[in-house]
Every structure is written in structure tokens, then in C-alpha cells.
Amino acid sequence: MMKAKHWLWTVSCSLALSTLSIAANTTSTYAASLVNTLAIPGESTDLFPTNGGNGGANINRLGFFSDLYYDRYENVYYGLGDRGAGGGVLSYETRVQKFSLDVDPNTGTISNFKLLKTILFTKDGENFNGLNPQLLNGDTGILGLSFDPEGFAVAPNGNFYVSDEYGPSVYEFTSTGSFIRAFATPSNLLPLAGSVPNYVDGRPILTSGRQDNRGFEGVTLSPDGKKLYAMLQDPLVTEGSPDGRRSQNLRIVEFNTATGDSVAQYIYQLESLAAINDRIPGTDDDFGQNSQGRNIGISAITALNNNEFLVLERDNRGVGEADPLSEAPVASKRVYKIDLTGATDVSNISLIGTNTLPSGVIPVSKSLFLDVAAQLKASGQVIPEKLEGLTIGPKLTDGSYAIILGTDNDFSVTQGNAGQQDVCTDGTAFTLVSIDSGCPAGQKLLPGYLYSFKASATELEGFVPPEKVPEPAVTAGLMLLGFGGLLLKRRQ
């Protein structure tokens, strides 16, 4: 299958982990300004051992950034590749990629993406798998080791917190990927068909809980690591009129990391369809009313401090496996700054059958921080569909910070049950071919992108870096130094 359309193509043709740097030549009126872009070839592979085999899309093709996390103490990054190629219908051992990235301390320019380690998620020696529960476990009501990792954070002790869409779930792992525990998901979020769990189907089979494929899309920690925040991608299946697809109101869940229990829920309101459609020329391509809580959603959350966060919100348009030439106009790829201060705990408040918040219910406050689509468009770049990774990068010499965003390219494989194919393109046309059969001459798999934006210290006022628990050996060394200092003082 082939289609053609003019499109600015910016992908490196190298099959190695090389990158193409695209500098921005635009000025910005936003809180953060685009510095440059790295395009990472879709043919790149991770460090999964193939033991002499050929590898492949669901074996060692590098999955891109369903979430990003910057560990500023180790100066390394982590990137999730969600459930693998095919959207949950191909077996894939889920994992997180550890990588390094050079950031120019003066300009914030990013370069030299280098993969360091591929870490598989395991439990009792078995691998978590991206297959949906029906295919992996033979039962839509058994979650088992089915895992769709979408959000990632590192605890002060170095453990990983990962959010999952299937459950929705939050799991804690060691730094080597071994399962430690699952947090207690609030009952109102669990997908049910009547009284029976169903982790696969959507409406009308689901009668309560999260929408299908709309679970915990983002996760972050308070700076002290005592609270964890997991965010649904969209409203609950019945929380809207007539259902969640027409609502703006999705939920942020606050957990106590010591107990793993939820302690509060807050409402985050998506941008209204009216405002989004106003940015689309004419009316032919406007989003329909049932797109509000389905085709508009959030992709990531990262903490600024105990109360304030950055949230990545987007539509489902742009360059991706479903639309390699971006034929529908993009309307929303934005980062918002939110504040939980004064927001109502809605743990025990139902929004079933309504798109309007009850009297007295206050959502989190929200203000535009960065219009990513506008800046990419102004610099002449393509706009990917799945902008999903967001992290606050290193502090620069002038006191500003690099804000790093990343895209999920879905492994450049079509999704669904109709049979999966690789998506190949040169930016003006695309071809669908059998997985791992190779692209036609002149075409490549869809790339992944990393973007660097620069935000001043004023724009990130109140940012508190996450805490880090010192290694035991380091702690012992500091204690010895302290004891030595006391001896020295006594001698003096």
C-alpha cells in the first residue's frame, strides 16, 4: 500500500545509533524555547541479546520514548518503549532503555545519543510481556504479566516506579528490573464488565473504570519521594455524558510510596474541543464531540515541587504509524504547568453521566507553559503524533534548564488485529511491508525524536530536584570524613 504527499523529511539514513541534529532558528514567546532536535533512525536496535539470531521488530528493535526520565545524579536518561510493536498483539519482553545524552552547558543543544543498557522487567524470573491479557493469559480478566509501561520515575534509593495502562497499575522494580511490589489501584479506576474485571475490551462491554488503552499514562514523584502521582490518559469510561469520550475531566491519583495506597484523587481538565478546533483552519477537519476525552489526552507528568507539575497534553494527529504523512492537521501538542494547591480530593466523588464538575469541586489549576506544535511548525519541522516523553534535564551555566521531550514511534509497525506491517517512508510517500522484510529503496522506518527546549530559572521558579539516597559506601565514607573532622577540631 502506498500513498504520496509532499512532506519535509528530516530523517538520517544511517542504521546505526547516529542522530541528525536540527537547529531551531526561531524566537519564542513561550516559557521555553526550542534549541534543537535529534532524529534517531527507526532501524536502530537495543542491547537485548539475540544470541546469534537476526533480531527483529519485537525482539530488539529500539522502542522509543513512551516516557523519559533524567537522573541528574548519574547524568543518565531512561526511556520506555511501552508494550512493543503491534499494540499488544505481538509478544514482546517489556523493558526500559538506559542511555546517555550530551547537553551543551551553555546552549542546551543535545547530541550524541548513546544506548548504555537494556533492562528487562521481570517477576520471579519470568519476563513481563506486552501481549494483552487475552493473548498472554487466555482471559481478559487476568492481568498476570501483561504489561504496557507508559510512565517512569526513579525513587531516591534508585528503584524504578513504572505505570501501566492495562491495569491501570503502578509497579516498583529494582534498578535491574526485578519486580518488588504493586501499588493498590483505587477501585473506581479498575475496568469492569459488570462485576467482572476486563483488561482488554472497551465500551460498551466496559461498565466502569478506565477506558480501554487509557490507563496510567504518566507517573512522577514528589522531590522527597514520599508521594507518587499517576495520571490517567483520559476520563473514566462512564464519567461523562453520555460517556467519558465527551468529558474533559480525567483523574490524577496521589499515592503514599511507603504504603503503596492511594490517598487522594484530583481532576485535571483537558483543553476544550472548542479551543482546539479554533486552531484548525476551516471546519472540515474539526474534532467531533466524542473526541474530547478520547482523541485528546495526556502523555506525561513530571514534578516541579510538591504541588506543581508539568503535564504533556496532545491530540492523536501527526506523523505516526497510522498517518505517516500527517494528512490531518495537528491541533494540540502542549505542555501545561499545573498546581494541586486548593484542588478538591474527588476520591469519593463520582462524575458518572456528567461533563460538568459538581458544585464546590475545584480542579487543579493549569496554565500554558509550552506550545510544542507551534514551535516545531515555526521551525519547519514535522510534527509527530505521539509526543510522549517529558523530563527536566540538566541545569545550564546561566541557571536555565534543558527541557527534554521525546516521541513514541510505535516501533514503526501498524497496530491492531488486522495483521501488522512495517511502515516505511521517505516523507513524500509511504509503503507497508511485511515486518522485518526491509523497506523499499529510498524509504526508512519512522524515526524517533528527542527535542531540547531551554527554560530560564525564572520560568522554572520553584523547581526542586528529586532527592537521592546516598549509596551505603558513600554514606560510610561521609561518616568517616565527619568523624575525621571532629578529631581534627579536637586536635586544634
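The model you are looking at is predicted. Cys439 forms a disulfide with Cys424, and the two sulfur atoms sit 2.1 Å apart.

**The disulfide**

- The structure holds one disulfide, so Cys424 and Cys439 are the pair to look for.
- In general terms, a disulfide is a covalent bond between the sulfur atoms of two cysteines.
- The link of Cys424 and Cys439 is left-handed, with -80° about the S-S bond.

**The protein as a whole**

- The protein contains four helices and 29 strands.
- It has 492 residues, and 55% of them count as buried.
- Take the contacts between residues at least 6 apart in sequence: 62% of these join residues at least 24 apart.
- The accessible surface of the protein is about 19300 Å², and 51% of that surface belongs to carbon and sulfur atoms.

**A four-stranded sheet**

- Four strands make up an open sheet with antiparallel pairing, in the order β4-β5-β6-β7.
- The edges are held by β4 (68-71) and β7 (110-120); each has a single partner strand, so one side of each is left without a neighbour in the sheet.
- On average, neighbouring strands of this sheet are turned by 25° against each other, direction ignored.
- Inside the sheet, strand β5 (residues 76-80) and strand β6 (residues 95-103) run antiparallel and are joined by four bridges.
- To see two residues facing each other, look at Tyr77, which stands opposite Phe99 in β6.

**Arg95, in strand β6**

- Arg95 lies in strand β6, and its relative accessible area of 1% makes it buried.
- Its side chain makes a polar contact of 3.2 Å with the side chain of Tyr92.
- The side chain of Arg95 also reaches the backbone oxygen of Glu93, at 2.8 Å.
- Setting aside neighbours within four places in sequence, Arg95 is in contact with residues including Asp46, Phe48, Ile59 and Asn60.
- Further along the chain, Thr118, Ile119, Leu120 and Phe121 are also among the contacts of Arg95.

**Gln381, in a loop**

- Gln381 sits in the loop between α3 (372-378) and β24 (387-395).
- With a relative accessible area of 10%, Gln381 is buried.
- The side chains of Gln381 and Thr37 are joined by a polar contact of 2.8 Å.
- A polar contact of 3.2 Å joins the side chain of Gln381 to that of Ser379.

**Gly448, in strand β29**

- Gly448 is part of strand β29 (residues 448-455), and at 0% relative accessibility it counts as buried.
- Not counting residues up to four places away in sequence, Gly448 touches Leu38, Ala39, Ile40, Phe64, Thr407 and Asn409.
- Pro384 is 64 residues from Gly448 in sequence, and their C-alpha atoms are 8.8 Å apart in space.

**Pro133, in helix α1**

- Pro133 lies in helix α1 (residues 133-137).
- Pro133 counts as buried, at 0% relative accessibility.
- Leaving out residues up to four places away in sequence, Pro133 touches several residues, among them Gly138, Asp139, Thr140 and Ile142.
- Tyr166, Tyr199 and Val200 are also among the residues that Pro133 touches.
- Val89 is 44 residues from Pro133 along the chain, and the C-alpha atoms of the two are separated by 9.9 Å.

How values were computed:
Residues are numbered from 1 along each chain as its sequence is written. This is a predicted model: local features need pLDDT of at least 70, side-chain atom pairs count only at pLDDT 80 or more; totals for chains, interfaces and linings use all residues. Side-chain values use heavy atoms; hydrogens and water are left out. A disulfide is a pair of cysteine sulfur atoms within 2.5 Å. Buried means under 20% relative accessible area, exposed over 50%, partly exposed in between (1.4 Å probe, protein chains only). Contact means heavy atoms within 4.5 Å. Two strands pair if DSSP finds at least two bridges between them. Axes are lines fitted to C-alpha atoms, for helices over the stretch in contact, and angles run from 0 to 180 degrees between N-to-C directions. A polar contact is a pair of N or O atoms within 3.5 Å; within protein, one must be able to donate a hydrogen and the other to accept it, and residues adjacent in sequence count only if both atoms are side-chain atoms. Accessible areas come from the Shrake-Rupley method with a 1.4 Å probe; for residues, only the protein chains shown count as cover.
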